[in-house]
Amino acid sequence: MGRRDVTKIAEGLYGIPVGPVNTFLLDSPDGCALIDTGVSGSTATILRALRALGKRPGDVRHIILTHAHPDHIGSLAALKKITGAEAYIHPLDADIATNGAGFRPMSAAPGLVTGMMFQMFVRPVETVEPATVEHHVQTQEVLPVAGGLTAIHVPGHCAGQLAFLWPKHGGVLFAADTCMNVLGLGWTMGYEDFEEGKRSLEKLAGLDFQVACFGHGQTILHDAGGRFRKMWADFDATLTISKRRHSDIPTVARSIGKTSPGEWIGR
């Protein structure tokens, strides 16, 4: 199996990229947990990654959803049918997942790169296959998964978005789409409410963690909490740097063109 199919991030944690979206597998003696399911049609890639790790579909007992956007819940229904796993999501996004519809509109984040990527990669999706959700997850709830996953409500990109903090390996943050690490750490491509998104990043910057995993982009393996604090301490400065860094449109376009979606899980 090639690197694009599955990547070991740390002991008991694997990244499974499905196109431009990252999903993650937590391997635990009490059953595996899959974080997010990718776009519709991602099932075969995820099952292939499970087989490469010596796992069967029934080993996946939990499917944890960071938020109900179609690139994160697209294969939820299909994977639930195959694995029999129970699903977890924030109450504000539960109806979208169970109906497979009702996606809220977003606007592009500030900055040239994020605006270009929003135009290139964010496409309207009306529906995905509806799925049953067994668990509505509240902020600060600790899920009984892989030794405990603490849920953190981080709206902005999506009203019901959750990040998760895993205490292993000095702290692993599953940052969802609060931000992304494509061509560097920065805003995610779009937000339902940008001001809420900034407050959520401030919340995450106050946590202690060494590793950060993103819905889009490369995993940060060392001093990720320090990177967050440095990046999100001064939002006015962040906006200024973003505009200055990406002022050369041809250079930015070439950089995006050279960035293969399969590389976004890279280390």
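This tour visits selected parts of the structure in turn, naming what to select and what is found there.

The model is predicted: local features need pLDDT of at least 70 and side-chain atom pairs count only at pLDDT 80 or more, while totals for chains, interfaces and linings use all residues. Residues are numbered from 1 along each chain as its sequence is written, and side-chain values use heavy atoms, with hydrogens and water left out.

**First stop: the seven-strand sheet**

Helices (H or I, at least four residues) and strands (E, at least two) are DSSP runs, numbered from the N terminus. Two strands pair if DSSP finds at least two bridges between them. Select β1, β2, β3, β4, β5, β6 and β8: these 7 strands form an open sheet in the order β1-β2-β3-β4-β5-β6-β8, with mixed pairing. β1 (7-10) and β8 stand at the edges, each with a single partner strand, so one side of each has no neighbour in the sheet. Strands of a sheet pair through backbone hydrogen bonds, either parallel or antiparallel. Next, select β5 and β6 (residues 86-89), which pair in the parallel sense over 3 bridges. Here Ile63 stands opposite Ala87 in β6.

On a 1 Å grid over the protein atoms alone, a cavity is a set of points where a 1.4 Å probe fits but cannot get out; a pocket is an open set with protein on both sides within 12 Å along at least five of seven lines; lining residues have an atom within 4 Å of a point. Grid points are joined across faces, edges and corners, and a volume is the space filled by probe spheres set on the points.

Select Leu25, Leu34, Ile46, Leu50, Val60, Ile63, Leu79 and Thr83, which line the second largest cavity. α1 (43-52), β5 (60-64) and α3 (76-83) are the elements that give two or more residues to this lining. The volume of the second largest cavity is about 40 Å³.

Select Pro70, Asp71, Met106, Val122 and Arg123, the closest to the centre of the largest pocket among its 26 lining residues. This pocket holds about 600 Å³ of space. α2 (70-73) and α5 (112-121) each supply at least two residues of its lining.

Select β9, β10, β11, β12 and β16: the 5 strands form an open sheet in the order β9-β10-β11-β12-β16, and the pairing is mixed. Within this sheet, β10 (residues 149-153) and β11 (residues 162-166) pair in the antiparallel sense over 4 bridges. Thr150 stands opposite Leu165 in β11.

Now select Gln140, in the loop between β8 (135-136) and β9. Most residues other than glycine have a negative phi. Gln140, although not a glycine, has a positive phi of about 70°.

**Last stop: an aromatic cluster**

Rings of Phe, Tyr and Trp (its six-membered ring) pair if their centres lie within 6.5 Å; planes under 30 degrees apart count as stacked, over 60 as edge-to-face and the rest as tilted. Select Trp187, Tyr191, Phe194 and Trp232, which form one aromatic cluster. The structure has 6 aromatic pairs by this rule. In one of them, the rings of Trp187 and Phe194 have centres 5.0 Å apart and planes at 75°, so the pair is edge-to-face. Trp187 counts as buried, at 3% relative accessibility.

Key. Buried means under 20% relative accessible area, exposed over 50%, partly exposed in between (1.4 Å probe, protein chains only).
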